[in-house]
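User: Hi! I have just started reading protein structures, and I would like to know where the labels come from. Could you take me through them?

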Amino acid sequence: MHLHTEPEPPSARLGRPIPTALEQALLLCLKKKPSERPANVRALKELLEAAALPWTEAEAGLAWQRTRSELARPSGERPRTTHASTVLAVDLAERADGEPVAS
């Protein structure tokens with residue numbers, strides 16, 4: 001399937017719509033043939049900028065403050081998210097050989 005089946009659109013996986021231009025940009029990045037993907041970082045940047053929702057600097061600042069305060073909380077106090085996400089904690093102190101251990 002990885003080689004021959006087109007990926008499911010993000011909106012279908014999420015079960016809710018996302019901006020069309022963003023979904024198209026993501027799906028282009030997942031094309032099977034490299035020649036069908038964005039040619040370079042500049043091309044991808046242009047696609048993502050075209051898909052960007054207008055965000056003021058104040059809105060970005062508030063979003064960052066919320067994120068920073070969430071990250072500052074002890075992990076047991078973090079609220080559960082309502083979207084599909086996974087949090088992976090890595091404790092480097094648990095391994096003598098320096099290899100991280102996922103928990």
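Analyst: Happy to! Let us start with a definition: helices (H or I, at least four residues) and strands (E, at least two) are DSSP runs, numbered from the N terminus. By that count the protein has four helices and zero strands. This is a predicted model, where local features need pLDDT of at least 70 and side-chain atom pairs count only at pLDDT 80 or more, while totals for chains, interfaces and linings use all residues. Residues are numbered from 1 along each chain as its sequence is written, and side-chain values use heavy atoms, leaving out hydrogens and water.

User: Why is E49 called partly exposed?

Analyst: Buried means under 20% relative accessible area, exposed over 50%, and partly exposed in between (1.4 Å probe, protein chains only). E49 has 48% relative accessibility, so it counts as partly exposed. K45, with a relative accessible area of 48%, is partly exposed. L44, with 26%, is partly exposed too. Across the 103 residues of the protein, 6% count as buried.

User: Why are helix 2 and helix 3 called roughly antiparallel?

Analyst: Axes are lines fitted to C-alpha atoms, for helices over the stretch in contact, and angles run from 0 to 180 degrees between N-to-C directions. Angles under 35 degrees count as roughly parallel, over 145 as roughly antiparallel, 65 to 115 as roughly perpendicular and the rest as oblique. The axes of helix 2 (residues 20-29) and helix 3 cross at roughly 160° and come within 8 Å. Helix 2 and helix 3 are therefore roughly antiparallel.

User: Which residues make the contact between the two helices?

Analyst: Contact means heavy atoms within 4.5 Å. Helix 2 brings A21, L22, A25, L28 and C29, and helix 3 brings L44, L47, L48, A50 and A51.

User: What does L44 touch?

Analyst: Leaving aside residues up to four places away in sequence, L44 touches C29 and P38. L44 and A25 are 19 residues apart in sequence, yet 7.6 Å apart in space, C-alpha to C-alpha.
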